[in-house]
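User: I would like to learn how to read the features of a helical model, one at a time. Please give the general idea and then the case at hand.

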Amino acid sequence: MSRAENRVEITRTIQETARRHLAEVGPAALSLRAIAREVGMVSSAVYRYFPSRDELLTALIVEAYDELGDAVERADAGVRRRAALDRRFLAVCNAIRDWARTNPHEYALLYGSPVPGYVAPDTTVSSAGRITGAFLRLAQESQTAGDLLATTRPVPPKERKALGGVYPALDVAVADERIVRWLMGWTTVFGHISMELFGHMHRGILDYDAHFQQVTGQLVADLGLD
């Protein structure tokens, strides 16, 4: 095995171990020393791969975003050639929820409480953008198709200014009202999943699967995809 291959393998082992620790102690208590003990390395050796806990957290965040991005893009591609936008939207929503339920600790790392003292660097942005990008691509196709939104409120200049970070990500012009509605859909999907995974709907919603399908079906109607 070459030196480069060996480094890749050791890095992989460290990250896999870190993910197990993430489930056991949470991101705030993640310890490079504890990970080093488990993989049979001295802590100084681990620091050659990840100089700090924050760099290890960043690697875990990017890995998780990319896994979720892969799941979302596979779901969309799997129905794209034969399905209308409503089925593609539902496929994306279900892929997000399925991944989150399979990887709850990684989902919490991405969308749960911030880790004290940690600030995600710009290197996480492109991976995170894959998920929002899926929603924005569908929004653009919905605009091109002329789908009619449910009743909307006019978008005032103050809100249009607030949306300034979204416009550069679009390949085609999308009406302000449509952008707002799709952003609402995006936050609704993630808000619902977070409420479910973090136990905030316990005993209130008795069938999470049925309720999620109802919520996303309502979003299909709100977005004019039906």
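Analyst: What follows goes through a helix, a core, aromatic pairs and a helix packing in this predicted model.

User: How many residues does helix H1 have, and what span should they give?

Analyst: Helix H1 covers residues 3-25, which is 23 residues. Just after H1, Gly26 has a positive phi of about 85 degrees.

User: Which residues of H1 are buried?

Analyst: They are Ile10, Ile14, Gln15, Thr17, Ala18, Arg19, His21 and Leu22.

User: Which residues touch the most other members of the largest nonpolar core?

Analyst: The general idea is that nonpolar side chains tend to be buried together in soluble globular proteins. Here the largest nonpolar core has 46 residues, and Ile14, Leu56, Phe89, Ile96, Phe135 and Trp182 touch the most other members. Two or more residues come from each of H1, H2 (32-39), H4 (53-80), H5 (85-102), H6 (104-111), H7 (125-145), H9 (176-197) and H10 (208-222). H4 gives the largest share, 9 residues.

User: What does Leu56 touch, leaving out residues up to four places away in sequence?

Analyst: Leu56 touches Ile14, Gln15, Ala18, Leu30, Leu32, Ile35 and Phe50. Another core, of 6 residues, lies apart from the largest one; Leu136, Leu163, Val166 and Leu170 are among its members.

User: How many aromatic pairs are there?

Analyst: A pair of aromatic rings is described by the distance of the centres and the angle of the planes. The count here is 7 aromatic pairs. One of them, Tyr107 with Tyr111, is tilted, at 5.0 Å centre to centre and 40 degrees between the planes. These two residues are 4 apart in helix H6, so about one helical turn separates them. Tyr107 counts as buried because its relative accessibility is 0%, whereas Tyr111 is partly exposed at 25%.

User: Which parts of the chain does the pair of Tyr111 and Phe190 link?

Analyst: Tyr111 and Phe190 form a tilted pair, 4.6 Å centre to centre with 40 degrees between the planes. The pair links distant parts of the chain, with Tyr111 in H6 and Phe190 in H9, 79 residues apart. Phe190 is buried, with a relative accessible area of 6%. Beyond its neighbours within four places in sequence, Tyr111 contacts Tyr65, Leu68, Ile131, Phe190 and Phe198. Tyr65, Tyr107, Tyr111, Phe190 and Phe198 make up one aromatic cluster.

User: At what angle do H5 and H7 pack?

Analyst: The angle is about 170 degrees, and the axes are 11 Å apart. Angles over 145 degrees count as roughly antiparallel, so H5 and H7 are roughly antiparallel to each other. At this packing, Leu85, Arg88, Phe89, Val92 and Ile96 of H5 meet Ile131, Phe135, Leu138, Glu141 and Ser142 of H7.

Notes: Residues numbered from 1 in each chain as written. Predicted model: local features only at pLDDT ≥ 70, side-chain atom pairs only at ≥ 80, totals over all residues. Heavy atoms only, no water. Expected span 1.5 Å × (residues − 1). Buried < 20%, exposed > 50% of the residue type's maximum accessible area, 1.4 Å probe, protein only. Core = buried A, V, L, I, M, F, W, Y, C linked by side-chain atoms within 4.5 Å. Contact = heavy atoms within 4.5 Å. Phe/Tyr/Trp six-rings, centres within 6.5 Å; stacked < 30°, edge-to-face > 60°. Axes fitted to C-alpha atoms, helices over the stretch in contact; angles between N-to-C directions. Parallel < 35°, antiparallel > 145°, perpendicular 65-115°, else oblique.
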